[in-house]
Amino acid sequence: MSTDPKNQQSNPDQVAKPSQGDLDAINHLRDLYQQMRDELGKVIIGQQDVVERLLICILARGHGLLMGVPGLAKTTIINALSQVMALDFSRIQFTPDLMPSDITGTDILQETDQPGKRAFVFSKGPIFANIILADEINRTPPKTQSALLEAMQEHRVTAAGRNFVLPSPFFVLATQNPIEQEGTYPLPEAQLDRFMFFINVDYPTAVEENRIARETTGKAAPILNKLISGEEVLKFQEIVQRVPVPDHIYETAVDIVRQTRPNSEEAPSFVKQWVTWGAGPRAIQYLIRGAKARAVLQGSYMARLEDLEAVAQPVLAHRILTNFQAQAEGVTSRSVIEQLLKAQREKA
């Protein structure tokens with residue numbers, strides 16, 4: 001998509017145009033995004049929306065949670081993404097017996113330079129990497145799940161009274177199986193809220209499954225080329241922060257989030273009927289940051305309403321809790337969000 005202002009969606013707000021350097025970087029990222037899609041396409045068939053949302057999380061300095069039944073390539077997608085990025089990658093397989101220290105690290109008694117003397121030395125855990133794959137995060141009890149909280153929010157680890165800063169950039173990309181399956185533990189709401197996106201991974205189409213059968217069973221998986229460095233990721237994150245946002249986009253984000261709360265005066269009747277509680281202010285931040293990141297991936301120099309609508313589902317789906325009546329009627333948080341978006345379009 002062109003960055004020419006004439007080609008942008010018109011709006012009444014006046015926003016400052018980014019510098020020429022930022023415009024050039026946005027164009028470069030748009031081209032790089034297409035190269036990454038092509039490279040990932042060597043091992044990932046379909047799931048383009050999942051790939052886009054993961055990249056939005058990375059550019060917006062967020063974390064992503066992938067939800068889907070086993071066998072939908074959730075782990076493969078994250079592995080492939082790490083291969084095209086020149087970043088340190090660490091995989092943590094969550095199991096019922098995993099302990100918090102298995103994630104963060106622990107003090108180990110070791111010999112010192114002085115004969116006969118020992119000292120505790122902190123041995124870093126797998127959390128000390130740029131991209132963390134928290135595989136099947138809901139297969140471990142909440143005590144261990146919570147070990148990720150400080151790391152995800154503060155980008156640091158506290159162990160034995162000392163703080164250890166995590167490398168930058170830092171992302172947690174987690175996968176989970178549906179909680180109704182046996183042997184799983186629902187994630188605490190506090191940890192769910194740390195994830196910017198809740199990404200639902202659906203079954204592939206019949207055409208895609210035909211390609212999977214033909215293209216993935218007769219040869220070894222290819223080695224993917226690295227296309228982007230950690231320094232470039234940090235630079236693109238700064239550019240995303242500077243993307244202009246028109247006033248009506250801020251106002252729409254605030255309106256949508258406030259309408260998800262059943263006790264709010266702005267809440268429509270169907271929210272009061274179906275929702276127990278809605279999204280908090282962090283959802284507003286993620287809506288704006290996600291809209292900025294998506295705009296940049298599309299080659300746009302400012303956030304648009306279509307970008308906000310595109311990230312509304314993954315931002316809000318895990319932040320809206322439906323009640324028993326909604327569940328009895330087959331109403332999900334996703335259908336509530338769709339109705340809210342539809343109402344916003346009609347107001348516009």
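## Exposure at two sites

A residue is called buried when its relative accessible area is under 20%, exposed when it is over 50%, and partly exposed in between, as judged with a 1.4 Å probe on protein chains only. The structure is a predicted model, in which local features need pLDDT of at least 70 and side-chain atom pairs count only at pLDDT 80 or more, whereas totals for chains, interfaces and linings use all residues. Residues are numbered from 1 along each chain as its sequence is written, and side-chain values use heavy atoms, with hydrogens and water left out.

Gln110 lies in strand 4 (residues 105-111), where helices (H or I, at least four residues) and strands (E, at least two) are DSSP runs numbered from the N terminus. With a relative accessible area of 39%, Gln110 is partly exposed. Leaving aside residues up to four places away in sequence, Gln110 touches Lys117, Arg118, Ala119 and Val121, a contact being heavy atoms within 4.5 Å. Asp49, in helix 2 (residues 48-59), has a relative accessible area of 55% and is therefore exposed.

## Nonpolar cores

A nonpolar core is a set of buried Ala, Val, Leu, Ile, Met, Phe, Trp, Tyr and Cys residues joined through side-chain atoms within 4.5 Å. The largest one has 77 residues, and those with the most contacts inside it are Leu54, Leu81, Met85 and Leu316. Apart from this core lies another, of 28 residues, among them Met67, Leu148, Phe170 and Ala174.

Leu81 touches Met36, Leu40, Leu54, Leu55, Ile58 and Leu173, when residues up to four places away in sequence are not counted.

## The aromatic pair

One aromatic pair is found in a search of the whole structure, where rings of Phe, Tyr and Trp (its six-membered ring) pair if their centres lie within 6.5 Å, and planes under 30 degrees apart count as stacked, over 60 as edge-to-face and the rest as tilted. The ring centres of Phe270 and Trp274 are 6.2 Å apart and their planes stand at 50°, so the pair is tilted. Phe270 and Trp274 are both buried, and because they are four residues apart in helix 11 (residues 269-274), about one helical turn separates them.

## Helix 12

Helix 12 (residues 281-297) has 17 residues and reaches 25 Å from its first C-alpha to its last, close to the 24 Å expected at 1.5 Å a residue, the expected span being 1.5 Å times one less than the number of residues. The helix is mostly covered, with 12 of its 17 residues buried; among them are Tyr286, Lys292 and Arg294. Helix 1 (20-40), helix 2, helix 9 (230-242), helix 10 (247-259) and helix 13 (305-316) are included in what covers these buried residues. Just after helix 12, Gly299 takes a positive phi of about 85°.
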